[in-house]
Amino acid sequence: MVDKKEKSAVTRQRVSVDILLSITAVITSVCALGITFYQAYLQRTQQYASVIPILQTFNTSGIDDDKTGYAFVVANKGLGPAFIEAVTLDYEGKSYDDIDKLLPQLKDSTAFANHVTTSTLSKGLVIPQGESIRLVEIAGGREGSWLRRKIADRMKVTIVYRSVYKQKWRFTNQSETIDDANVELE
């Protein structure tokens, strides 16, 4: 016959092993759940990063294959389209929402008015990945030099735009670095 003391020790040992296995299973399940959530977070972050638009501006004197002049270009060098929300052009203390409103304010602008081609950046416009828009363009070396002197380093362009996933960004062309030029809002 089994002594009550021995039976109690065997039962205690069996209960302890069962409890230990149960606790281990719960901890493993919680860790697996945590890893699943972390992987989902990483996937979402990667998805957002894979469609980030990055705007840049630059000046160019080569406007066509065989022509010289000047163009002020806004380009999307990111990985996804840029949906324009707002545009502000600051020039000599005044703000404009369109390049066509700014150009008449330039001194001697009437002399070159027939040679200037402009593009409007406005709310709702989409700049696809890898594409660019020539905000203002003028053919001719003399005319191009004149326009470059007038606006190249003097016009501040601020563009609020968003990505496919509704991330909102602000681009400013007179920033120190590209990281400072494209700042995420919200």
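Visitor: Which residue in S2 does Thr57 stand opposite?

Guide: Thr57 faces Val74 there. Keep in mind that this is a predicted model, where local features need pLDDT of at least 70, side-chain atom pairs count only at pLDDT 80 or more, and totals for chains, interfaces and linings use all residues. Numbering starts from 1 along each chain as its sequence is written, and side-chain values use heavy atoms, with hydrogens and water left out.

Visitor: What makes S1 and S2 a pair?

Guide: Pairing takes at least two bridges found by DSSP. S1 and S2 have seven, in the antiparallel sense, so they count as paired.

Visitor: Why are S1 and S5 called edges?

Guide: The open antiparallel sheet runs S1-S2-S7-S5. Strand S1 (55–62) and strand S5 (116–118) each have a single partner strand, so one side of each lacks a neighbour in the sheet. H3 packs on this sheet, touching S1, S2 and S7; contact means heavy atoms within 4.5 Å.

Visitor: What makes the 32 residues a nonpolar core?

Guide: The term covers buried Ala, Val, Leu, Ile, Met, Phe, Trp, Tyr and Cys residues joined through side-chain atoms within 4.5 Å, with buried meaning under 20% relative accessible area (1.4 Å probe, protein chains only). The 32 residues form the largest such set, and Leu89, Leu102, Leu147, Ile151, Met155 and Ile159 touch the most other members. S3 gives the largest share, five residues.

Visitor: Which residues does Leu102 contact, leaving aside its neighbours within four places in sequence?

Guide: Leu89, Tyr91, Tyr96, Ile151 and Met155.

Methods. Buried < 20%, exposed > 50% of the residue type's maximum accessible area, 1.4 Å probe, protein only. Helix = DSSP H or I, 4+ residues; strand = E, 2+ residues; numbered from the N terminus. Axes fitted to C-alpha atoms, helices over the stretch in contact; angles between N-to-C directions.
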